[in-house]
Amino acid sequence: VLNGHEGGVRDAVFTPDGQSVITISDDTTARIWSVAGNLKQILSGHGASVNSANVSPDGRHIITASFDGTARLWTFDGTQQAVLEGHLDGVWQAKFSQDGQYIVTVSQDTTARIWNRNGLLISILQGHDREIVSANSQYLVTASGDNTARLWRIDTLNKNLDTLMLQGCEWLSNYLDNAASAKERDRNLCKSIKQTVTNVQK
């Protein structure tokens, strides 16, 4: 018996290696247990019920989604690595793409959002009229209470955003390199963007 949550347990999932179990609860936490029932870690940080937990394909990270409007990325030692903020209502679900490079969140605000592994927002998918309750990826399929499902191409969305960011850096490069009023952190902005795009595309 996995006993310790202080609110209802919404779900329990095995890790890909079958050696651990992750539980999520109305007590705002997720918990990692050994298959022998020993508590290994408490993932604490959400401000409302946790609705889903998903493990990355490489088995190194966990993404949780909550009614507090965020998803949170964790390592198995309990370290919170990123907070995915931006949804205007509770987040029903967060999942990794099949290659582990993207995170998809779906929300009561009727949007789905695609993020990279660093928590950077890549795209907002709009079109549903009611809350989205499910998603799957690499092609992304969203399903909604508006009686429709929609199919999206993640790779196309990502390439379009990457192109826009890189083009913007090209337009700003002369100013950032030469303007006396440009701050040092601004001069390094495009270096950070180019590195992020390179890492995502690997």
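1. Within strand 8, Val 83 is the bridge partner of Arg 72. The two strands involved, strand 7 (residues 71-75) and strand 8 (residues 80-84), run antiparallel and are joined by 4 bridges; two strands are said to pair if DSSP finds at least two bridges between them. Strands here are DSSP runs of E with at least two residues, helices are runs of H or I with at least four residues, and both are numbered from the N terminus. Strand 7 and strand 8 form a hairpin with 4 residues between them, and Gly 78 in the turn has a positive phi of about 95°.

2. Some words on the basis of this note: the model is predicted, so that local features need pLDDT of at least 70 and side-chain atom pairs count only at pLDDT 80 or more, while totals for chains, interfaces and linings use all residues. Residues are numbered from 1 along each chain as its sequence is written, and side-chain values use heavy atoms, with hydrogens and water left out.

3. Taken as a whole, the protein chain contains 3 helices and 15 strands. Of its 202 residues, 43% are buried, where buried means under 20% relative accessible area, exposed means over 50%, and partly exposed lies in between (1.4 Å probe, protein chains only). The accessible surface of the chain comes to about 10,600 Å², and carbon and sulfur atoms hold 47% of that surface; such areas come from the Shrake-Rupley method with a 1.4 Å probe, and for residues only the protein chains shown count as cover. Among the contacts with a separation of 6 or more, 34% are between residues 24 or more positions apart, a contact being heavy atoms within 4.5 Å.

4. An open sheet is formed by 4 strands in the order 9-10-11-12, with antiparallel pairing. Its edge strands, each of which pairs on one side only, are strand 9 (91-96) and strand 12 (121-125). From one strand to the next the twist averages 15°, with axes taken as lines fitted to C-alpha atoms (for helices over the stretch in contact) and angles running from 0 to 180 degrees between N-to-C directions. Strand 11 (residues 112-116) pairs with strand 12 in the antiparallel sense over 4 bridges, and Ile 114 stands opposite Ser 123 of strand 12.

5. When neighbours within four places in sequence are left aside, the residues in contact with Thr 105 include Ala 71, Leu 84, Val 91, Gln 93 and Trp 115.

6. The count of salt bridges comes to 4, a salt bridge being a side-chain nitrogen of Lys or Arg within 4 Å of a carboxyl oxygen of Asp or Glu. One of them joins the side chains of Arg 10 and Asp 26 (2.6 Å, N to O). This pair links distant parts of the chain, since Arg 10 is in strand 1 (residues 9-14) and Asp 26 is in the loop between strand 2 and strand 3, 16 residues apart. Arg 10 is partly exposed at 40% relative accessible area, and Asp 26 is partly exposed at 35%.

7. Another salt bridge brings together the side chains of Arg 31 and Asp 27 (3.8 Å, N to O), and both of these residues are buried. Asp 68 also forms a salt bridge with Arg 72, their closest N and O atoms being 3.8 Å apart. In this pair Asp 68 is partly exposed at 26% relative accessibility, whereas Arg 72 is buried with a relative accessible area of 12%.

8. Most residues other than glycine have a negative phi. Thr 28, in the loop between strand 2 (20-25) and strand 3 (29-34), has a positive phi near 80° and counts as partly exposed at 21% relative accessibility. Thr 110, in the loop between strand 10 (102-107) and strand 11, has a positive phi of about 75° although it is not a glycine, and Thr 110 is partly exposed with a relative accessible area of 22%.
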